[in-house]
Amino acid sequence: METASKMGQVTTSLTPAKKIDWIERLFHGLFFISAMVGVISVITIGWFVFYEGLPAFKEAGLLNFIFGREWLPPALYGISSMIVASLISTVGAVLIGVPIAIMTAVFLAEIAPKWMANIVRPAVELLAGIPSVVYGFFGLIVIVPAIEAVFDIPAGNTLLAGIIVLAIMILPTVITISETSIRALTPTYKAGALALGASHIYTIFNVLLPAAKSGIYTGIALGIARAIGETMAIIMVMGNAPAMPGSLLEPARSLTANIAMEMAYATGIHASSLYSTGIVLLAFIILLNAGLLYLNRQRGHA
Amino acid sequence: MNKLEVNNLNLFYGENHALKDISLPIPAKQVTALIGPSGCGKSTLLRTLNRMNDLVEGVKIEGDVMFEGENIYADIDVKQLRMRVGMVFQKPNPFPMSIYDNVAFGLKAQGEKDKELISEVVEESLRSAALWDEVKERLHTPAMGLSGGQQQRLCIARAIAMKPEVILMDEPTSALDPIATHKIEELMDELRKKFTIVIVTHSMNQAKRISDKTAFFWMGELVEHADTDTLFQHPVDSRTQGYVSGEFG
Ligand SMILES: Nc1ncnc2c1ncn2[C@@H]1O[C@H](COP(=O)(O)OP(=O)(O)O)[C@@H](O)[C@H]1O
Ligand SMILES: [Mg+2]
């Protein structure tokens with residue numbers, strides 16, 4: 001003000017607002033449209049999968065479809081064996097992969113000397129970038145023959161092979177997110193625990209990991225989503241027989257494999273039933289996300 | 001009788017010579033205050049007393065610290081040392097768990113399983129930290145829900161639960177408001193009867209109010225140390241004079 005009046009300028013202060021600030025509007029619009037791309041995609045995917053899948057539900061009956069054990073299109077549409085295959089392969093992969101991943105994350109964040117972490121971390125990140133078809137190769141060349149040898153069975157393309165390949169595939173996601181959330185903790189937690197005479201290991205298990213819980217859950221959920229949605233590698237190593245597996249050493253067909261393998265030639269209700277398979281798959285993913293939200297909300301209240 | 005004795009201690013953070021030939025006796029059951037301008041090495045010295053500097057990469061320590069006549073930089077079990085020499089940090093740092101679990105943490109870390117004993121210690125420690133009446137109804141709620149001053153008293157309770165002989169405090173009230181600060185100072189008047197206390201403070205008034213001995217640091221050197229009254233009324237070194245009269249720092 002002072003300088004302005006000294007310089008003899010008009011002192012009527014601020015200029016009136018422009019009628020419409022077009023730049024502002026343009027960018028708001030741009031941000032809004034970007035945000036809508038994701039939402040619209042989800043809605044469109046959901047809509048089409050349901051639209052295409054409903055006829056098969058009607059034809060076979062929802063319960064028969066989900067609980068039926070026989071998959072013999074066009075006569076019988078029961079996908080319980082595939083639900084079981086998807087669930088078991090995913091749960092198995094989580095049971096094997098998650099502990100390894102969390103221990104690796106702890107190793108990287110807390111134990112490894114810098115130079116070693118700088119070797120292990122890029123290796124893990126590389127694992128994340130490998131296409132699933134290459135994991136499939138790896139499964140075929142290494143895991144499947146190993147299972148044949150160890151269990152003395154003629155065909156190693158089994159549920160177990162799927163579990164092992166998936167376990168490796170979810171490692172990078174769970175490791176990276178867990179390590180990041182352990183590193184993000186305030187160092188005062190660790191200092192506080194050690195200052196009480198707690199050992200480093202006790203501190204890791206009783207302070208750091210619980211404190212990093214919500215990040216670790218997120219990593220696990222993304223790992224599960226990857227496992228349950230994995231298609232290519234599973235088709236290559238799991239044998240794909242559309243029958244209820246009697247043990248881990250029998251072949252099985254996952255929900256994803258069912259869709260991918262028959263889509264090319266299916267028509268009519270058969271094609272629709274593959275979309276229905278997709279609906280079931282989506283339902284699992286939604287349940288998973290809801291479960292994660294619930295866990296993290298619990299934590300917020302704890 | 002000196003509880004702790006720092007003898008010709010030098011500490012380097014890489015090239016940075018952070019503590020220069022420090023020798024300081026710390027008498028038992030008294031409050032020793034470490035004062036001096038920011039960056040002069042007070043926290044660093046405090047952390048040498050329970051070997052928390054071990055966590056800092058590239059730190060080098062020469063000289064020794066005697067605790068009850070034993071050199072803590074000899075080959076000793078650091079966990080035991082830290083149980084006997086507890087620490088309260090500058091910012092309250094309760095663990096993200098319940099009030100009860102915070103206080104029980106140290107005992108459980110030692111493998112204590114006896115639930116009744118743990119409960120007793122938890123209550124006793126919270127009472128000693130003048131926190132019991134405020135939290136007894138909500139022991140199993142998250143410690144993060146407490147106010148800053150309560151959190152700091154919880155951290156004191158957590159340290160007391162280990163039945164330490166020494167409690168190290170690094171500016172324990174610097175993150176607190178005046179009322180919470182007053183409560184902690186009152187509490188220290190009780191604690192001094194049972195524990196040897198070493199406290200870093202940037203407040204000369206706090207040092208005057210609560211300490212028996214005061215040591216003045218300046219750029220990594222221990223300039224002088226004496227009874228608190230003596231140091232503030234008849235400082236010998238000109239730097240101490242300047243600092244306690246508020247000329248700089
Ligand atoms: N963890 C650390 N790593 C490297 N240098 C440090 C570290 N902590 C403190 N220093 C350095 O040591 C000196 C003393 O710091 P500090 O003991 O924190 O001083 P004060 O507590 O008196 O403010 C400062 O020069 C500071 O930069
Ligand atoms: Mg300090």
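A: **Chain B and its contacts**

One salt bridge is found across the interface of chain B and chain A (a side-chain nitrogen of Lys or Arg within 4 Å of a carboxyl oxygen of Asp or Glu). The model is predicted: local features need pLDDT of at least 70, side-chain atom pairs count only at pLDDT 80 or more, and totals for chains, interfaces and linings use all residues. Residues are numbered from 1 along each chain as its sequence is written, chains are lettered from A and ligands numbered from 1 in the order in which they are written, and side-chain values use heavy atoms, with hydrogens and water left out.

The partners in that bridge are A:Lys114 and B:Glu57, with their closest N and O atoms 3.9 Å apart.

On the chain B side, α2 (78–84), β6 (85–88), α3 (99–109) and α6 (148–160) each supply at least two residues. Helices (H or I, at least four residues) and strands (E, at least two) are DSSP runs, numbered from the N terminus. The largest share, four residues, comes from α3(B). By class, this side has 16 nonpolar, four polar and five charged residues. Here Ala, Val, Leu, Ile, Met, Phe, Trp, Tyr, Cys and Pro count as nonpolar, Asp, Glu, Lys and Arg as charged, and the others, Gly among them, as polar.

In total, the contact (heavy atoms within 4.5 Å) takes 25 residues from chain B and 18 from chain A. The two chains bury about 1,600 Å² between them, 72% of it on carbon and sulfur atoms. Buried area is the accessible area (1.4 Å probe) that two parts lose on being put together, summed over both.

Now the ligand. The residues around ligand 1 (a heavy atom within 4 Å) include B:Gly39, B:Lys42 and B:Ser43. This shell divides into four nonpolar, six polar and two charged residues. Its largest share, four residues, comes from α1(B).

Individual side chains reach ligand 1 too. A polar side-chain atom of B:Thr44 lies 2.4 Å from a ligand oxygen. For B:Asn16, a side-chain N or O atom is 3.3 Å from an oxygen of ligand 1. B:Arg47 has a polar side-chain atom 3.5 Å from a ligand nitrogen.

Definitions and conventions:
A polar contact is a pair of N or O atoms within 3.5 Å; within protein, one must be able to donate a hydrogen and the other to accept it, and residues adjacent in sequence count only if both atoms are side-chain atoms.
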